[in-house]
2 protein chains.
Amino acid sequence: MTRLTLAIDAMGGDFGPCVTVPAAMQALASNSQLHLLLVGDPDKISTSLAKADSALQGRVQVIPAESVIASDARPSQAIRNSRGSSMRVALELVKEGQAQACISAGNTGALMGLAKLLLKPLDGIERPALMTVLPNQQQGRTVVLDLGANVECDSALLVQFAIMGAVMAEQVLDIANPRVALLNIGQEETKGLDSIRDAAAILRASPDINYIGYVEGNDLLTGKTDVLVCDGFVGNVTLKTMEGVVRMFLSLLKSPGEGNKRAWWMTLLGRWIKKRLAKRFGHLNPDQYNGACLLGLRGTVIKSHGAANQRAFAVAIQQAEQAVRRQVPERIAARLEAVLPKSD
Amino acid sequence: MTRLTLAIDAMGGDFGPCVTVPAAMQALASNSQLHLLLVGDPDKISTSLAKADSALQGRVQVIPAESVIASDARPSQAIRNSRGSSMRVALELVKEGQAQACISAGNTGALMGLAKLLLKPLDGIERPALMTVLPNQQQGRTVVLDLGANVECDSALLVQFAIMGAVMAEQVLDIANPRVALLNIGQEETKGLDSIRDAAAILRASPDINYIGYVEGNDLLTGKTDVLVCDGFVGNVTLKTMEGVVRMFLSLLKSPGEGNKRAWWMTLLGRWIKKRLAKRFGHLNPDQYNGACLLGLRGTVIKSHGAANQRAFAVAIQQAEQAVRRQVPERIAARLEAVLPKSD
């Protein structure tokens with residue numbers, strides 16, 4: 001393993017350095033080859049850093065940034081005023097080759113726009129997409145995109161997402177000839193929006209894509225497909241719905257329950273069984289797969305949940321490490337070159 | 001309680017009379033005032049009816065229909081060729097006053113189109129919406145619409161859905177001054193699609209609607225709002241995603257689990273505790289609230305899941321009974337008259 005340097009927007013997300021710095025330390029502790037550039041307000045970062053293990057601090061460098069993009073800012077405006085912001089500086093470090101990837105829990109629209117502006121989309125990609133890898137019931141994993149980078153998508157975009165998703169599944173998850181499906185409101189060909197039906201027609205005719213048709217919301221976690229493609233609005237709502245239900249179940253499993261008049265040994269045993277169940281469902285815990293990858297750029301950018309806690313933000317850092325090691329952008333570029341028609 | 005007559009499209013859904021007829025018998029057994037008109041192929045219906053309790057058969061009338069609308073038919077085509085179909089005949093019985101409501105598990109698009117054609121929308125409503133009432137974590141209930149009747153919606157439609165949902169919550173669920181929210185991908189005002197932002201502006205300015213802002217997918221079951229409004233594509237995907245995750249959890253709770261080397265008494269106790277947990281989550285079981293109501297028409301139409309089993313289809317029939325008793329269309333009409341600007 002060779003040295004790996006990542007840039008972290010330390011100010012992004014609901015909690016800023018209180019979460020990003022301890023998460024960075026956690027990531028450093030688990031990978032001795034990792035170096036981190038923490039971008040943001042040096043005072044605030046130092047306060048959080050002061051509590052950290054001094055041995056790890058040797059692999060950290062604080063990069064000052066004057067401002068922070070607010071999470072509720074209008075993306076277009078935020079991008080216009082982004083010079084000197086922690087998010088932009090972190091992305092510039094990737095652009096200049098000082099870092100191999102960037103992680104931010106900040107404003108999604110601004111991150112998407114700035115990343116596109118600074119790192120540029122790959123040839124054949126109009127707009128990058130947010131992608132995550134979900135665990136499924138068959139002990140496998142499903143690549144899902146777009147999760148919110150593009151609220152409206154035409155058929156051409158959906159097809160580009162399908163190609164990128166298939167590369168992810170094949171090259172990173174090692175799934176041979178991955179099945180690709182479009183998320184729709186029914187399985188019949190006539191269902192859904194024009195953009196989806198048009199994308200289906202293109203994918204059906206693509207010899208390079210193992211297109212299997214439409215998949216409905218109830219099959220998100222059943223492992224029916226390896227790659228699930230949708231527009232960013234639907235993807236965001238679907239993912240959050242799934243996460244909400246999973247969190248509700250996990251919290252109900254952890255709660256003491258209604259009847260407390262049982263014998264003490266039954267209460268204890270009940271707790272033990274519920275704990276085991278919670279463990280069995282644990283791989284579905286949204287904290288375990290925090291971090292969506294912005295696919296389609298000439299560089300690696302990971303978007304963490306704004307509300308991520310330390311553990312979840314550390315997972316997002318690990319996602320960035322993996323994407324760099326697996327050379328995701330390079331592999332997508334190579335595949336696009338083979339699949340897409342030559343323009344000259 | 002007075003006599004109640006409902007028309008059932010006995011041929012609709014994945015299983016036709018095999019499910020609809022036993023479900024009809026179940027509904028009849030639980031309500032002595034109920035009379036049912038079973039519409040479809042008399043031979044097939046009679047075969048299923050023959051097994052039923054003869055005392056209940058006195059409250060059943062078979063209404064012959066020559067054809068069935070396929071569930072994968074293109075709605076426009078299906079409507080053009082609908083004359084004599086079980087779905088259309090059932091709706092005509094409502095139109096002619098012979099039945100007070102219609103229940104079908106058939107083609108959603110065709111049901112929506114035919115219902116609009118035959119029963120007509122209320123004044124002020126452009127297109128009806130599919131609505132369901134979901135249980136939530138706070139032991140309350142949430143009205144969600146549209147669930148798939150309109151795959152694309154402009155702001156005017158979303159506002160109409162909001163008004164209808166508020167009437168449902170107030171008049172049928174007895175929630176005073178119900179909170180109304182729009183489903184979106186973030187809580188900030190700048191988020192989402194134009195149609196949603198425009199609807200938000202209109203709702204914010206409406207003194208008659210208790211509009212509380214945007215709600216995200218993860219709050220579908222948390223009881224943050226009493227009414228949740230979205231377009232039919234997003235609503236359908238969200239509801240199905242939620243159902244898929246709930247079904248997965250319930251099936252995992254019922255499954256025996258991995259380690260089978262425990263003592264017999266622990267296995268038994270484990271089963272008992274899991275059963276109790278499953279019961280605790282049982283109110284979230286999609287079968288318990290099957291049946292979406294087509295709101296905004298001059299009559300009551302209930303759409304059941306195509307894949308509904310007997311128990312679930314019986315719930316859809318109960319929904320129709322309740323909607324008729326609570327005079328849902330009349331109450332929505334009255335409220336619309338008060339809220340909407342007069343056109344003359």
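Which residue does the side chain of Lys224(B) meet in a salt bridge? In this predicted model, the partner is Asp219(B), with the N to O distance given as 3.1 Å. Burial here is assigned to residues under 20% relative accessible area. Side chains of opposite charge can pair when their charged atoms come close.

Within helix α5, which covers residues 86–95 of chain B, the side chains of Arg88(B) and Glu92(B) meet in a salt bridge, 3.0 Å from N to O. Because they lie four residues apart in that helix, about one helical turn separates Arg88(B) from Glu92(B). Arg88(B) is buried, with 9% relative accessibility, while Glu92(B) is partly exposed, with a relative accessible area of 22%.

Another salt bridge joins Asp226(B) to Arg179(B), and the closest N and O atoms are 3.0 Å apart. This pair links distant parts of the chain, the residues being 47 apart. Arg179(B) lies in strand β7 (residues 179–183), and Asp226(B) lies in the loop between β8 (210–215) and β9 (227–229). In this pair the acidic residue, Asp226(B), is buried at 8% relative accessible area, and Arg179(B) is partly exposed at 29%.

Terms used: Residues numbered from 1 in each chain as written. Chains lettered and ligands numbered in written order. Predicted model: local features only at pLDDT ≥ 70, side-chain atom pairs only at ≥ 80, totals over all residues. Heavy atoms only, no water. Salt bridge = Lys/Arg side-chain N within 4 Å of Asp/Glu carboxyl O. Helix = DSSP H or I, 4+ residues; strand = E, 2+ residues; numbered from the N terminus. Buried < 20%, exposed > 50% of the residue type's maximum accessible area, 1.4 Å probe, protein only.
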